[in-house]
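Please open the model alongside the text.

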Amino acid sequence: MTREATRRRTFAVISHPDAGKSTLTEALALHAHAIAQAGAVHGKGSRRGVVSDWNEMEQARGISITSAALQFRVQDVVINLLDTPGHADFSEDTYRVLSAVDCAVMLLDAAKGLEPQTLKLFEACRARATPVITLINKWDRPGQEPLELLDEISDRLGIHPTPLNWPVGIAGDFRGLTDPATGGMTEFTRTAGGATIAVGESLTPAEAFERHGEDWERAAEEFELLTASGHAHDQESFLAAQSTPVLFSAAVQNFGVAELLQTVIDLAPAPSAWTDVERQPRPVEAPFSGFIFKVQTGMDPAHRDRMAFMRVCSGRFERGAVLTQSRTGRPFQTKYAQSVFGRERETIDEAYPGDVVGLTNAQALQVGDTLYDSRPVRYPGLPRFAPEHFAVFRSRDTGRAKQFRRGIELLDQEGVVQVLVSDRRGVQAPVLAAVGPMQFEVAAHRLEHEFGAPASQDHLSYSVASRVVPEAVSAVDRQSGAEVLERTDGVVVALFADAWRMHAIAGRLPDGSLPPIFAADDKVGT
C-alpha cells in the first residue's frame with residue numbers, strides 16, 4: 001500500500017485568468033503521451049479544443065468554468081492532475097479542488113506577475129500548508145526581468161523562491177533554459193502551432209556560448225549567483241511550504257513543460273496521512289477511506305448522469321465494494337467507478353491513495369462526504385463561500401416546471417450556486433446566491449441546455465448575507481433593505497442591501513443575532 005501511494009502525484013494548477021492554465025494542462029498531457037496532439041483553448045478547424053475545457057461554455061469563451069480531472073502515467077508514476085477555474089467567480093470550485101491535492105503548480109504570466117486571483121489562491125494553499133511549485137509562463141512574449149519576478153514572489157507572498165532553471169534570452173526572445181544537471185543549456189525548436197512536443201537539444205556550455213553568446217553568459221551567471229546566494233532548492237523547506245521551486249516556460253510552444261513534469265515527479269510530495277474531524281491522522285496504509293470534493297452532472301449528455309469525484313485518502317479502493325457513508329451511516333455501492341480524463345472515462349477496478357475516482361449514479365453523495373470501509377472515519381467538510389450576488393430565477397415555460405425544479409436542485413448539490421427559498425417567494429421563484437455573476441450565466445445556460453428548462457433572471461439589490469438566529473427572524477424580515485430566506489440545507493440566511501444596512505439592523509438586535517454566514521460548524525456534507 002505504501003509503495004503504491006509513493007507512486008502517486010496529485011496536484012492542481014492554479015492561476016489568474018488568461019495566464020495559460022488550460023494550455024499548460026494540455027501541454028503536460030501531451031508530454032506524458034496521454035494525448036497525441038495538443039488542442040487549443042480556442043479550437044478551430046481541424047484543431048480540437050483542450051481536453052480539460054469540455055463543456056460548451058468553456059469551449060465558446062476560452063475560459064475554464066468547472067474543474068477537470070486528468071489521470072495518466074509517466075515513468076511508472078501515476079499523475080492525478082486537476083485543472084481549476086481561474087476566474088474569481090468560480091473560486092469556490094477551485095478551493096474544493098485544493099482540498100483534495102498534495103501540491104499546487106502556481107502559474108504566473110511573465111508580463112503581469114502576481115495577479116489578484118493568484119494571490120487569493122496562494123493564500124488558500126498557505127492555509128493548508130500545501131507545497132507550491134511556481135511556473136513563470138509566456139516567456140515567448142515581452143515581460144518583466146526574471147529577477148524582478150523573483151523579488152515579487154518573495155516580497156508579496158513571503159515565500160522563498162528557488163529557481164531550478166533560468167531562461168536564456170529575455171522575455172519575448174526565449175532561446176532555451178539552463179540545465180543544472182549538465183551545466184549547459186536546453187535549446188528548443190518550435191513545432192507548428194505548438195500542437196506537438198517541442199524538440200529540445202542539449203548543448204554544452206561551449207556550444208551554448210557559440211550559439212547564444214551574451215544571452216547564454218548572462219543566464220548562466222545569474223543562475224549561478226542565485227544558487228550561491230541562498231536560492232538553491234531545499235526539499236525540506238519546500239515540503240513545509242516555506243520555499244517554492246521556480247521554473248520558466250512558454251506552454252503554448254511546449255517549451256519548458258517537460259522540465260515542469262519532471263519536477264512534479266521528482267519533488268512533489270506523495271500522498272500522506274489525512275487528518276479527520278477528531279484531528280487524528282489516518283495513515284495511507286489504513287483501511288479504505290475517500291473524500292468527495294466535487295459533484296458534476298451533464299458530463300455525459302447521452303445519459304445525464306451524476307458523477308462524484310472522490311480523492312482516495314487511505315487504503316485500496318476496489319470497484320464493487322460496499323462502503324459506508326459517514327454523514328448518513330448508510331451503505332454505498334461502488335459498482336460504477338471510473339478514472340477520468342476530461343470528459344472521457346474508463347472503468348477502473350482499483351485505486352490507491354492520491355487517486356481521483358469518478359463515482360457515477362452517485363445520487364446520495366454530496367460535496368464534503370466521507371466514504372470508508374471497516375474502520376469508521378469522517379474528514380472535515382468544506383466551507384461554503386459567502387455570496388455577494390443574488391437573483392430570482394423563474395421557469396419561462398410553465399410546462400417545464402418539473403425540469404426546472406430538478407435542474408435547480410442538481411445545480412445546488414453541485415455547488416454551482418446556493419439556493420434560497422421562502423414562503424413569500426414560493427418554490428417556483430427560488431433566489432440563487434453566487435460568489436460572482438458569471439455563475440448565474442452558467443446556471444441559466446445549463447438549465448436550458450441540460451434540463452430543457454429556460455429560465456428568466458431578476459437580479460436583486462442585496463450584496464451582503466449573514467445567518468440569523470431564530471429569535472430574530474421576524475424582526476429582521478420586517479426591516480426595509482433586508483429579507484430572510486432559508487438555504488436548502490436548513491441554514492436561515494438574511495440578505496441585506498449593503499454592509500451598512502446590516503450593521504444598522506444588527507445594532508437594534510441582541511448581540512449575536514446575526515452570526516457570520518459560514519461559521520466553523522456550517523460545513524457542506526456534515
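This is a predicted model: local features need pLDDT of at least 70, side-chain atom pairs count only at pLDDT 80 or more; totals for chains, interfaces and linings use all residues.

## Terms and model

Residues are numbered from 1 along each chain as its sequence is written, and side-chain values use heavy atoms, without hydrogens or water.

## The second largest cavity

A cavity is a set of points on a 1 Å grid over the protein atoms alone where a 1.4 Å probe fits but cannot get out; lining residues have an atom within 4 Å of a point. Points join across faces, edges and corners, and volume is the space filled by probe spheres set on them. There are three cavities of 30 Å³ or more.

Helix α7 (residues 205-231) gives the largest share, four residues. Helices are DSSP runs of H or I, at least four residues; strands are runs of E, at least two.

## Helix α2

Buried means under 20% relative accessible area, exposed over 50%, partly exposed in between (1.4 Å probe, protein chains only). In α2 (residues 21-31), 10 of the 11 residues are buried, so the helix is largely enclosed by the rest of the structure. Lys21, Glu26 and His31 are among the buried residues. Histidine 33 follows α2, with a positive phi near 60°.

## Serine 272

Serine 272 sits in the loop between α9 (257-267) and β12 (274-275). Its relative accessibility is 45%, so serine 272 counts as partly exposed. Serine 314 is 42 residues from serine 272 in sequence and 8.6 Å away in space, C-alpha to C-alpha.

Definitions and conventions. On a 1 Å grid over the protein atoms alone, a cavity is a set of points where a 1.4 Å probe fits but cannot get out, and a pocket is an open set with protein on both sides within 12 Å along at least five of seven lines; lining residues have an atom within 4 Å of a point.
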